[in-house]
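Hi,

Here is the structure I promised to pass on. Have a look at it first, and then read on for what turned up.

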Amino acid sequence: MKRRNLLLGLGTAASVGTGVIGTGAVSQITADREFNLSIVQDQDAYLGIQSSTPTDLVGENSPPTGSGIIQIDLTEFNDLAVGSGFNKRATTELTDPADRSGPALFTVQNQSDRDIQFAAATVGDTDDLQDIRPIGADEKIPKPADDQIQIELFDVTDNQRKAINQNTPRTLEPGEIGIGIGVRVIVPSSVETGEHNVTVLLRATEL
Amino acid sequence: MANRRKFLAGIGALASGSAAAVGTGAVSQITADRDFNLRIAQDQNAYLGLTPKSNANDFVNEASDGTLTIDFTSSVSGASGQGVNNRADTTLADAFQITNQSDRKLYVWAGFANPSNGNAVDPTSGGARSVELLADGDNSTDKDITYPGGEDKTSKSATTTSRVLGQTSTAGAIELGSGNSADVDIRLLVYGSNNPRNSNFLTVFRAEEDDPGSTTISDHQFNVNI
């Protein structure tokens with residue numbers, strides 16, 4: 001469903017481009033050109049996202065059968081935990097996997113050839129829109145409302161645990177080792193108990 | 001759902017926008033969305049477990065949103081009194097239980113905050129002395145887990161102060177191993193006073209691992225009439 005919408009959007013853009021041509025002698029040219037691109041799993045992508053090892057919290061559907069898209073499953077905190085979930089009216093910060101296999105839940109690394117700025121934002125359901133910088137002014141995503149769960153990412157080596165978001169993006173240099181990411185989960189009073197799925201948008205922009 | 005569709009349409013537009021900009025180099029912008037699955041629990045079942053003790057149910061309860069709430073006001077069922085005495089120390093023994101329901105050892109302590117701005121407050125200020133939470137923990141000696149200890153609760157905020165990160169002492173915090181619990185007494189120390197009054201504030205519990213690690217900060221309604 002999601003995928004279909006996205007492709008629909010791209011299709012529209014492509015046909016607009018063709019329409020512009022009609023000013024000269026030739027009224028219409030249709031040509032197809034091949035674009036070669038390779039889609040890789042998250043750990044090998046230009047924006048590398050990887051977990052130190054697959055754990056209860058962070059796993060990856062391993063190729064070729066899996067999608068290679070990292071999954072962040074916080075429902076199984078650990079088999080040893082008696083509690084069944086996060087507290088309401090609470091902010092919980094998680095810094096490392098339940099089995100302590102690494103210093104962070106996952107890492108983010110610049111695997112392109114130039115400096116990028118990295119930012120994350122929780123995707124909400126409201127009509128209020130938020131920037132996710134660095135981007136153009138017309139590109140915005142819905143903000144989470146006050147009564148929705150919010151997820152923030154932070155660098156685990158940052159003592160202040162400042163959120164890596166549109167206001168404070170993080171610069172990643174090519175070749176720099178991946179930064180360890182911790183997750184802050186902010187749960188307001190009105191959220192229902194039970195399972196939730198929250199989408200977080202990750203964006204890397206060339207400087 | 002409508003919003004979700006709008007959002008995806010936005011991504012589509014964005015993708016075509018950046019395609020135009022790409023000409024200059026390799027990759028100019030990457031946008032990816034990733035899903036986080038998580039479960040939310042009421043306080044009794046959450047990783048930081050907070051459960052009213054049955055003997056204290058007149059004063060300590062689970063609010064409709066599933067969080068622990070403390071109420072020393074006229075709403076107490078079956079009581080004709082309207083609040084706690086002035087110039088008196090009132091103790092509610094075994095008021096609630098804190099249980100570490102995570103998989104790690106946690107240090108737990110509490111502060112008090114103004115509900116409107118989150119700043120640290122002394123809950124019974126204006127003639128009163130203090131509110132203490134006495135936890136019995138893994139040994140039998142009661143320990144005041146409110147921080148800072150003593151009368152002045154206003155100098156440190158549970159939201160911003162870590163008792164563990166960068167601290168040499170965890171005095172004032174109770175240590176709870178995974179699965180362990182502590183019973184907590186509530187002690188209201190009210191002395192020499194002005195007029196009877198009502199205070200509404202938040203008890204802010206903070207649970208931290210001992211090395212820079214996972215942390216939970218949760219807030220709970222606390223109402224008291226004096």
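**The sheet in chain B**

In chain B, strand S5 (residues 88-100) and strand S10 (residues 181-190) run antiparallel and are joined by 9 bridges. Before I go on: this is a predicted model, where local features need pLDDT of at least 70, side-chain atom pairs count only at pLDDT 80 or more, and totals for chains, interfaces and linings use all residues. Residues are numbered from 1 along each chain as its sequence is written, chains are lettered from A and ligands numbered from 1 in the order in which they are written, and side-chain values use heavy atoms, with hydrogens and water left out.

On terms, helices (H or I, at least four residues) and strands (E, at least two) are DSSP runs, numbered from the N terminus, and two strands pair if DSSP finds at least two bridges between them.

Back to that strand pair: B:Thr90 sits opposite B:Leu188 of S10(B). Both strands belong to an open, antiparallel sheet of 5 strands in chain B, in the order S2-S5-S10-S7-S8. Strand S2 (48-52) and strand S8 (143-144) are at its edges with a single partner strand each, so one side of each has no neighbour in the sheet.

Of its 226 residues, 52% are buried (under 20% relative accessible area, against over 50% for exposed and partly exposed in between; 1.4 Å probe, protein chains only). Contact here means heavy atoms within 4.5 Å; among the chain B contacts with a separation of 6 or more, 71% are between residues 24 or more positions apart.

**Cores and rings**

Which residues have the most contacts inside the largest nonpolar core? They are B:Phe96, B:Ile98, B:Ile186 and B:Phe222, in a core of 34 residues. (A nonpolar core is a set of buried Ala, Val, Leu, Ile, Met, Phe, Trp, Tyr and Cys residues joined through side-chain atoms within 4.5 Å.) S10(B) gives the largest share of this core, 5 residues. Apart from it there is another core, of 32 residues, including A:Ile49, A:Leu74, A:Phe86 and A:Phe106.

Not counting residues up to four places away in sequence, its contacts include B:Ile70, B:Phe72, B:Phe112, B:Ile186 and B:Leu188.

Then the rings. Rings of Phe, Tyr and Trp (its six-membered ring) pair if their centres lie within 6.5 Å; planes under 30 degrees apart are stacked, over 60 edge-to-face and the rest tilted. That rule gives 7 aromatic pairs over all chains. B:Phe96 and B:Phe205 make an edge-to-face pair, 5.8 Å centre to centre with 80 degrees between the planes. B:Phe96 is in strand S5 of chain B and B:Phe205 in strand S11 (residues 198-208), so the pair ties together parts that are 109 residues apart in sequence. Both of these residues, B:Phe96 and B:Phe205, are buried.

B:Phe112 and B:Phe201 are another edge-to-face pair, at 5.6 Å centre to centre and 90 degrees between the planes.

**Where chain A comes in**

B:Ser218, in strand S12 (residues 215-225) of chain B, is buried at 0% relative accessible area. Leaving aside neighbours within four places in sequence, B:Ser218 is in contact with residues of both chains, among them A:Asn87, A:Lys88, A:Arg89, B:Thr203 and B:Phe205.

In chain A, 4 of the 5 residues of strand S5 (residues 106-110) are buried. S5(A) pairs antiparallel with strand S1 (residues 47-50) over 4 bridges, with A:Asn110 as the bridge partner of A:Leu47. S5(A) also pairs antiparallel with strand S11 (residues 179-187) over 3 bridges, where A:Thr107 stands opposite A:Gly180.

Last one: A:Gly124, in the loop between strand S6 (116-122) and strand S7 (129-131) of chain A, is buried at 2% relative accessibility. Its C-alpha atom is 8.3 Å from that of A:Val198, 74 residues apart along the chain.

Cheers
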